[in-house]
Amino acid sequence: MSKKKGMTLDEKRIKMLQIFYDKKEFFTLKELEKIAPKEKGIVVQSVKDVLQTLVDDGLVRSEKIGTSVYFWTFPGENITAIEHRISKASKKIVEAEFKLQKLKEACEKEKIGKEDTEERQALLLELEELKAKEDQLRKQIAKFSDADPEVVAKLGEKVKEYKEATNTWTDNIFAIQTWCKTKFDIPEESLNKQFNIPDDLDYKD
(Lines give C-alpha, C1' and ligand atoms only; values in the text may rest on other atoms or scores of the structure.)
Protein backbone atom coordinates (compact mmCIF):
# COMPACT_ATOMS: atom_id res chain seq x y z
CA MET A 1 0.00 0.00 0.00
CA SER A 2 1.17 3.49 -0.79
CA LYS A 3 1.71 5.91 2.05
CA LYS A 4 -0.92 8.57 2.64
CA LYS A 5 0.24 11.90 1.26
CA GLY A 6 0.92 14.43 4.01
CA MET A 7 -0.70 17.85 4.13
CA THR A 8 1.13 20.87 2.73
CA LEU A 9 1.87 23.84 4.95
CA ASP A 10 -0.93 25.84 3.32
CA GLU A 11 -3.41 23.03 3.99
CA LYS A 12 -2.32 22.87 7.62
CA ARG A 13 -2.67 26.64 7.97
CA ILE A 14 -6.22 26.57 6.60
CA LYS A 15 -7.22 23.69 8.89
CA MET A 16 -5.67 25.45 11.88
CA LEU A 17 -7.68 28.59 11.11
CA GLN A 18 -10.82 26.49 10.86
CA ILE A 19 -10.35 25.45 14.48
CA PHE A 20 -10.51 29.09 15.55
CA TYR A 21 -13.40 29.92 13.21
CA ASP A 22 -15.47 26.90 14.25
CA LYS A 23 -14.99 27.19 17.99
CA LYS A 24 -14.59 30.98 18.39
CA GLU A 25 -12.53 30.51 21.54
CA PHE A 26 -9.12 31.34 23.01
CA PHE A 27 -6.53 28.54 23.11
CA THR A 28 -3.14 27.80 24.60
CA LEU A 29 -0.53 25.95 22.55
CA LYS A 30 -1.06 22.79 24.61
CA GLU A 31 -4.80 22.89 23.90
CA LEU A 32 -4.20 23.28 20.17
CA GLU A 33 -1.68 20.42 20.22
CA LYS A 34 -4.50 18.21 21.51
CA ILE A 35 -7.26 19.51 19.23
CA ALA A 36 -5.41 19.86 15.90
CA PRO A 37 -4.29 16.21 15.55
CA LYS A 38 -7.65 14.83 16.65
CA GLU A 39 -10.00 17.09 14.67
CA LYS A 40 -7.88 18.29 11.73
CA GLY A 41 -5.24 15.59 11.27
CA ILE A 42 -2.32 17.95 11.89
CA VAL A 43 0.54 16.06 13.52
CA VAL A 44 1.33 17.39 16.98
CA GLN A 45 4.99 18.04 16.08
CA SER A 46 4.02 20.65 13.47
CA VAL A 47 1.26 22.47 15.39
CA LYS A 48 3.61 25.02 16.96
CA ASP A 49 5.33 25.88 13.66
CA VAL A 50 2.07 26.17 11.72
CA LEU A 51 0.59 28.36 14.43
CA GLN A 52 3.65 30.61 14.40
CA THR A 53 3.37 31.21 10.64
CA LEU A 54 -0.22 32.34 11.14
CA VAL A 55 0.84 34.68 13.94
CA ASP A 56 3.70 36.08 11.82
CA ASP A 57 1.27 36.82 8.97
CA GLY A 58 -1.18 38.54 11.33
CA LEU A 59 -3.87 35.92 10.74
CA VAL A 60 -3.86 34.73 14.35
CA ARG A 61 -3.32 36.97 17.37
CA SER A 62 -1.45 36.04 20.55
CA GLU A 63 -1.15 37.55 24.01
CA LYS A 64 0.59 36.48 27.21
CA ILE A 65 -1.83 36.52 30.14
CA GLY A 66 -0.23 35.58 33.43
CA THR A 67 2.07 32.65 32.76
CA SER A 68 0.22 31.41 29.67
CA VAL A 69 0.16 32.57 26.04
CA TYR A 70 -3.26 32.57 24.39
CA PHE A 71 -4.05 32.47 20.68
CA TRP A 72 -7.24 33.55 18.95
CA THR A 73 -8.85 34.86 15.79
CA PHE A 74 -12.42 35.09 14.53
CA PRO A 75 -14.10 34.95 11.08
CA GLY A 76 -13.40 38.17 9.21
CA GLU A 77 -10.75 39.35 11.69
CA ASN A 78 -7.78 38.60 9.45
CA ILE A 79 -9.23 40.90 6.77
CA THR A 80 -7.38 43.75 8.49
CA ALA A 81 -3.95 42.22 7.93
CA ILE A 82 -4.60 41.49 4.26
CA GLU A 83 -6.20 44.89 3.68
CA HIS A 84 -3.10 46.52 5.15
CA ARG A 85 -0.91 44.75 2.60
CA ILE A 86 -3.20 45.81 -0.24
CA SER A 87 -3.18 49.39 1.08
CA LYS A 88 0.63 49.46 1.01
CA ALA A 89 0.68 48.10 -2.55
CA SER A 90 -1.91 50.69 -3.66
CA LYS A 91 0.16 53.48 -2.11
CA LYS A 92 3.17 52.37 -4.12
CA ILE A 93 1.09 52.44 -7.30
CA VAL A 94 -0.02 56.02 -6.61
CA GLU A 95 3.57 57.09 -5.96
CA ALA A 96 4.75 55.39 -9.14
CA GLU A 97 1.95 57.02 -11.12
CA PHE A 98 3.02 60.43 -9.82
CA LYS A 99 6.62 59.77 -10.88
CA LEU A 100 5.43 58.64 -14.30
CA GLN A 101 3.45 61.85 -14.74
CA LYS A 102 6.60 63.84 -13.99
CA LEU A 103 8.46 61.87 -16.62
CA LYS A 104 5.71 62.58 -19.11
CA GLU A 105 6.14 66.30 -18.52
CA ALA A 106 9.90 65.92 -18.93
CA CYS A 107 9.39 64.04 -22.19
CA GLU A 108 7.51 67.01 -23.62
CA LYS A 109 10.54 69.21 -23.04
CA GLU A 110 13.37 66.91 -23.94
CA LYS A 111 14.15 64.45 -26.70
CA ILE A 112 14.36 60.69 -26.39
CA GLY A 113 17.47 58.99 -25.04
CA LYS A 114 18.38 61.32 -22.21
CA GLU A 115 18.98 60.81 -18.52
CA ASP A 116 15.45 59.65 -17.66
CA THR A 117 15.92 56.30 -19.42
CA GLU A 118 17.08 54.41 -16.32
CA GLU A 119 14.26 55.86 -14.23
CA ARG A 120 11.71 54.74 -16.80
CA GLN A 121 13.14 51.25 -16.72
CA ALA A 122 12.95 51.25 -12.92
CA LEU A 123 9.30 52.29 -13.04
CA LEU A 124 8.44 49.56 -15.52
CA LEU A 125 10.19 47.03 -13.29
CA GLU A 126 8.21 48.33 -10.31
CA LEU A 127 4.99 47.89 -12.30
CA GLU A 128 5.80 44.24 -12.91
CA GLU A 129 6.62 43.74 -9.22
CA LEU A 130 3.29 45.29 -8.21
CA LYS A 131 1.46 43.00 -10.64
CA ALA A 132 3.27 40.04 -9.11
CA LYS A 133 2.20 41.15 -5.62
CA GLU A 134 -1.38 41.42 -6.84
CA ASP A 135 -1.20 37.84 -8.11
CA GLN A 136 0.16 36.70 -4.74
CA LEU A 137 -2.70 38.40 -2.94
CA ARG A 138 -5.21 36.74 -5.26
CA LYS A 139 -3.65 33.35 -4.50
CA GLN A 140 -3.81 34.03 -0.76
CA ILE A 141 -7.48 34.94 -1.04
CA ALA A 142 -8.14 31.68 -2.91
CA LYS A 143 -6.34 29.64 -0.24
CA PHE A 144 -8.40 31.02 2.61
CA SER A 145 -11.73 31.33 0.80
CA ASP A 146 -13.02 28.05 2.21
CA ALA A 147 -11.98 28.93 5.75
CA ASP A 148 -13.28 32.51 5.76
CA PRO A 149 -15.77 33.40 3.00
CA GLU A 150 -16.22 36.87 4.45
CA VAL A 151 -12.66 37.72 3.46
CA VAL A 152 -13.35 37.07 -0.21
CA ALA A 153 -16.39 39.30 -0.31
CA LYS A 154 -14.60 42.26 1.27
CA LEU A 155 -11.31 41.84 -0.57
CA GLY A 156 -13.08 41.65 -3.92
CA GLU A 157 -13.70 45.38 -3.79
CA LYS A 158 -10.09 46.06 -2.78
CA VAL A 159 -8.74 43.99 -5.65
CA LYS A 160 -10.97 45.92 -8.06
CA GLU A 161 -9.55 49.24 -6.83
CA TYR A 162 -6.04 47.85 -7.05
CA LYS A 163 -6.63 46.71 -10.65
CA GLU A 164 -8.06 50.09 -11.66
CA ALA A 165 -5.02 51.90 -10.24
CA THR A 166 -2.70 49.56 -12.15
CA ASN A 167 -4.62 50.15 -15.38
CA THR A 168 -4.36 53.92 -14.88
CA TRP A 169 -0.62 53.62 -14.65
CA THR A 170 -0.52 51.40 -17.74
CA ASP A 171 -2.67 53.97 -19.58
CA ASN A 172 -0.11 56.66 -18.78
CA ILE A 173 2.65 54.54 -20.29
CA PHE A 174 0.58 54.13 -23.47
CA ALA A 175 0.03 57.90 -23.54
CA ILE A 176 3.76 58.50 -23.42
CA GLN A 177 4.30 55.98 -26.21
CA THR A 178 1.73 57.73 -28.42
CA TRP A 179 3.16 61.19 -27.73
CA CYS A 180 6.74 60.12 -28.43
CA LYS A 181 5.78 58.32 -31.66
CA THR A 182 3.92 61.40 -32.89
CA LYS A 183 6.53 63.91 -31.74
CA PHE A 184 9.66 62.13 -32.92
CA ASP A 185 8.27 59.78 -35.61
CA ILE A 186 9.81 56.69 -34.04
CA PRO A 187 8.40 53.18 -34.63
CA GLU A 188 6.78 51.62 -31.58
CA GLU A 189 9.19 48.66 -31.70
CA SER A 190 12.20 50.97 -31.45
CA LEU A 191 10.56 53.00 -28.69
CA ASN A 192 9.82 49.89 -26.65
CA LYS A 193 13.37 48.66 -27.07
CA GLN A 194 14.84 52.06 -26.17
CA PHE A 195 12.92 52.28 -22.89
CA ASN A 196 12.69 48.55 -22.13
CA ILE A 197 8.86 48.56 -22.41
CA PRO A 198 7.50 44.99 -22.68
CA ASP A 199 5.84 44.27 -26.02
CA ASP A 200 3.01 42.47 -24.19
CA LEU A 201 2.28 45.36 -21.80
CA ASP A 202 -1.52 45.55 -21.51
CA TYR A 203 -4.37 46.42 -19.18
CA LYS A 204 -5.37 44.04 -16.39
CA ASP A 205 -8.68 42.28 -17.09
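Biologist: Let's start with Asp57. Is Asp57 buried, partly exposed or exposed?
Modeller: Asp57 has a relative accessible area of 37%, so Asp57 counts as partly exposed. Keep in mind that this is a predicted model.
Biologist: Which residue forms a salt bridge with Asp57?
Modeller: Arg13 does, with the closest N and O atoms 2.9 Å apart.
Biologist: How many salt bridges turn up in the whole structure?
Modeller: Three. Another one joins the side chains of Asp22 and Lys40, at 3.6 Å from N to O. That pair links helix H1, where Asp22 lies, to helix H2, where Lys40 lies, across 18 residues.
Biologist: How accessible are Asp22 and Lys40?
Modeller: Asp22 is exposed, at 56% relative accessibility. Lys40 is at 17% and counts as buried.
Biologist: What about Lys23, which residue does its side chain meet in a salt bridge?
Modeller: Glu39, with 3.3 Å from N to O. Here too the pair runs from helix H1, which holds Lys23, to helix H2, which holds Glu39, and the two residues are 16 apart. Lys23 is partly exposed with a relative accessible area of 30%, and Glu39 is partly exposed with 45%.
Biologist: At what angle do H1 and H2 cross?
Modeller: At roughly 105°, and their axes come within 10 Å. H1 covers residues 9-23 and H2 covers residues 29-40. Angles of 65 to 115 degrees count as roughly perpendicular, so that is how H1 and H2 are classed.
Biologist: Which residues meet there?
Modeller: From H1 they are Lys15, Met16, Gln18, Ile19, Phe20, Asp22 and Lys23. From H2 they are Leu32, Ile35, Ala36, Glu39 and Lys40.
Biologist: How many of those are nonpolar, polar and charged?
Modeller: Six are nonpolar, one is polar and five are charged.
Biologist: Different topic. Where does Asp199 lie?
Modeller: In the segment after helix H7 (188-194). Asp199 counts as exposed because its relative accessibility is 69%.
Biologist: What separation do the C-alpha atoms of Asp199 and Glu189 have?
Modeller: They are 7.9 Å apart, and the two residues are ten apart along the chain.

Definitions and conventions:
Residues are numbered from 1 along each chain as its sequence is written. This is a predicted model: local features need pLDDT of at least 70, side-chain atom pairs count only at pLDDT 80 or more; totals for chains, interfaces and linings use all residues. Side-chain values use heavy atoms; hydrogens and water are left out. Axes are lines fitted to C-alpha atoms, for helices over the stretch in contact, and angles run from 0 to 180 degrees between N-to-C directions. Helices (H or I, at least four residues) and strands (E, at least two) are DSSP runs, numbered from the N terminus. Angles under 35 degrees count as roughly parallel, over 145 as roughly antiparallel, 65 to 115 as roughly perpendicular and the rest as oblique. Contact means heavy atoms within 4.5 Å. Ala, Val, Leu, Ile, Met, Phe, Trp, Tyr, Cys and Pro count as nonpolar, Asp, Glu, Lys and Arg as charged, and the others, Gly among them, as polar. Buried means under 20% relative accessible area, exposed over 50%, partly exposed in between (1.4 Å probe, protein chains only). A salt bridge is a side-chain nitrogen of Lys or Arg within 4 Å of a carboxyl oxygen of Asp or Glu.
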